[in-house]
Every structure is written in C-alpha cells, then in structure tokens.
Amino acid sequence: MSVNFWNFNSGGTLFGSGSGGGLSNLYSILSDRSSIKNGSYKRLLKSYYSTGQNSSTTGKKSSSSNIVDKILEEKRNPKVSKDVQEANANLTSGLSTLKSSVSILRNDKTYTDTTNGQSAADKVVSAVKDYVSDYNNVVKAAKGSTLANKTAYVANMMSSTAANADKLAEIGVKVNSNGTLELNEAKLKAADISKVQELFSPKDITSYGSTIASRLQFASASSSTSATTSSKTETGTTAASSAASLKTDSSALASDKLYEKIKDKDGNEKYDVDKIFSTAKSFVNNYNNMFNAAKSSSNSGVLANLSYIREKTARNADALKQFGISVDAKGVMKIDEDTFKKSDMSEVQKLFKDYGSSIVTNASLVDYYMTTKANAASGYTADGAYNVQGNSQYADTV
C-alpha cells in the first residue's frame, strides 16, 4: 500500500506540503543557514535591494540596508506562531503519553486476567484504543511542529507502522493514507490477543512494539534548543568513533588473518584464542557504545543503519549465543569469556564472515552520517520510505 506521510497542510515545517514537500522545506532552511553564515545571503540581498536606489546617503543606513538587516534578523530568529507553539507543546507531551501506551502493550501483565474480574481481552482492547488515540495525536501534532529533532523520529515511527500494516490489520487497526490509525473495535475484540502480544513483544527487538518504543525513546531524548549544541557535537563524535571502531572490529572478525594459527611450545598449530576473544570483546563494547551514544541523534541516516544492525543481530541471535554473545531485551550485547573461548573458532569465523561483513557497511554509514551530516534530518521519500543517500542498495522502509 502507498502511504503518503507528507501530504500535510502545514507549510514551513518538516512535514509541510506544497512544492517539494517537507524535505524541500528542510533543505531550504539548511541552505539559508549556510548562506547566512558565509555571508553570501547578505551580499545577494544587498545587491538586489540596492538596484535602482541612490547609495549616496550619509550618516544613516540606507533603506536597503535596513531591509537587509530586517530580513536577516527574521531568518536568524524566525517568529513562531501560537499554532506552532501549541503543536510543539502537543508533540512533546504526546510523545510522553504514547510512550506510556506502548509500555502497557509491551507488559505481559496486560495479557493476563485480574483478580478483580477484569479479563485480559478487555484490558487489551482498552490498551489498543489508547495506543491508537495517542498515536494519532502525535501524528497530528507533528504535522504542525517545527521540532525537527522530534518529527524526524515521528516520520521513522510512521514508516515502521506502514511496514507492519498487514499485521496491524489482523487485529483491527488500519493505517490510513495520511499516516493516522483507525480502529475497528469489533475486529479487535474478535482477534486472538496473542497476536497483539506478539506484535508488541518486548522480547523481540525487531517487533513492531520494540521499534516504536525505541523511536519514542530517541524522540523523548532529543532536544530542540540550541543550548545543547556542544553536548550533541560531543555525543556525535563519540558515536562516530564507536561506529568506526565497530567497523574495524567487524572487518577483523570477518578476516582470515585473525584466525591464522600459531604454534604452541610443542610445535602444534592452534588458534590464537586470546587474540580472537580480545577482538570479539572490543566488538561488543563498541557495539554498545555506538548505540548508547547515537540514541540522541535525530539523523535519519543514523537511525536507519542502527535499525539494520539491530535486525541483523536479531537474525543471528541464536548463532551468536552459541559462542557466548547475547543481546538482552534492551538491545545491550554481552559476551561470556568462558563460553567464547571454548567455542570452535572455525565456526566463529564462519559466522562473522557473513554477519560481521554485513555490519561493516552499516557501521561505516553510521560513522558517515554522524560526522558529515550530524544535524540533517533528511532522507525520507514522499511515501515514508527511507533512502540512504548515495547507497541505493540500502533503500528500504525502516
């Protein structure tokens, strides 16, 4: 199905409509800022407003200079209307409320009967109704909001919802063409509640509920003020550094060189298990550090590639666990030294030939987006799909 998440009538916002849609607005804003910073914007305005005017005024600023200064001031400090202020406030509070709704649907207790007579089915219906209502409030607030650091995550959340449209339809939740949700309560009541539980399962980091929860966590952590620029730069540098290190570790674990056998004191050839474990341990540390540092990023390129890495890790969870590498419900990776060192290193190599090699590309892209496009929130197409710029092989819906 084709879902146009950007068909909103709210010019000037990330979700704005009109020629070029929200992305054109974003590119225009970024272009303006760059032009103002390097002075070309002011020179262009002066040239335009001085045409046909007498520049011989003395002791006072010319009318053209006054106009230029006024336009530049408005560009630097745009006035925010009451409607936009309200949308920004509603988005911030709405994200918090939606986060609570998702938590209830991810809680196992929601799917059990209570001692006071309330059935699990009734609780699930109530929880889904709240989720749909809170979700729609966030989508509606986002279309009029100028908080790009938050709307980027909303766009990503909507994209994930579209990707799960068929599963949502099975429990009576329809994804509308404008990105909002519509509940068929009768169909929900007739559905098996285990399907709802599976859809929002916290035990599966790739489940719909886990994906939405992570987007909401990132959105809640995002700041919309310039006061955090310094800390964000530091965080971005840390995430980029961890991503670059993860790329190095992944490449090493996928290489033949790491598994070259050495001779022991008796002349027998064996794997250098300590060296391999050290690399694997570094991989785990950098994996966790990258996700922890990048959680405050609003860059959609970063988000997309973190999602790809999580999905690839989830697909290889059973194989990794055999070698003592596990991932908990929050996505934190751990390694058990004894289990790893007792493992068949040829099998470890075989796994990382595939898994490790695939992580290299995504870690490289996280590094790229954190270092060269740290403040951009672009990358979404008109139908809510995400395209990693310059890397068409990763064009996908997050």
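E337 is partly exposed, with a relative accessible area of 37%. The class covers values between the buried limit, under 20% relative accessible area, and the exposed limit, over 50% (1.4 Å probe, protein chains only). The model is predicted: local features need pLDDT of at least 70, side-chain atom pairs count only at pLDDT 80 or more, and totals for chains, interfaces and linings use all residues. Residues are numbered from 1 along each chain as its sequence is written, and side-chain values use heavy atoms, without hydrogens and water.

The side chain of E337 meets that of K341 in a salt bridge (2.8 Å, N to O). Such a bridge is a side-chain nitrogen of Lys or Arg within 4 Å of a carboxyl oxygen of Asp or Glu. K341 counts as partly exposed because its relative accessibility is 30%. Both residues lie in helix 15 (residues 337–341), four residues apart, about one turn of the helix. Helices (H or I, at least four residues) and strands (E, at least two) are DSSP runs, numbered from the N terminus. An α-helix has 3.6 residues a turn, so residues three or four places apart point the same way.

The whole structure holds seven salt bridges. One of them joins K353 and D256 (2.9 Å, N to O). This pair links distant parts of the chain, 97 residues apart: K353 is in helix 16 (residues 345–372), and D256 is in the loop between helix 11 (229–254) and strand 3 (262–263). K353 is partly exposed, at 38% relative accessibility. Helix 16 also carries E347 and K350, three residues apart and thus separated by about one helical turn. Their side chains meet in a salt bridge (3.4 Å, N to O). E347 is partly exposed at 33%, whereas K350 is exposed at 53%. Elsewhere, K129, E185 and K189 are linked in a network of salt bridges.

Aromatic pairs were searched for over the whole structure, and 11 were found. Y131 and Y208 form an edge-to-face pair, with 6.4 Å between centres and 85° between planes. Rings of Phe, Tyr and Trp (its six-membered ring) pair if their centres lie within 6.5 Å; planes under 30 degrees apart count as stacked, over 60 as edge-to-face and the rest as tilted. Y131 sits in helix 5 (residues 120–142) and Y208 in helix 10, 77 residues apart. Both Y131 and Y208 are buried. F277 and F340 form a tilted pair, at 5.8 Å centre to centre and 55° between the planes. F277 lies in helix 12 and F340 in helix 15, so this pair ties together parts 63 residues apart in sequence. F277 is buried at 9% relative accessibility, and F340 is buried at 0%. Ring pairs also link F283, Y287, F291, F352 and Y355 into a cluster.

Helix 13 (residues 300–315) has 16 residues and should span 22 Å at 1.5 Å a residue; its end C-alpha atoms are 23 Å apart, which agrees. The expected span is 1.5 Å times one less than the number of residues. Of the 16 residues of helix 13, 13 are buried.

The second largest pocket holds about 840 Å³ of space. Its lining has 33 residues, with S210, S214, Q217, R310 and K330 nearest the centre. On a 1 Å grid over the protein atoms alone, a pocket is an open set of points where a 1.4 Å probe fits, with protein on both sides within 12 Å along at least five of seven lines; lining residues have an atom within 4 Å of a point. Grid points are joined across faces, edges and corners, and the volume is the space filled by probe spheres set on them. Helix 10 gives the largest share of this lining, nine residues.
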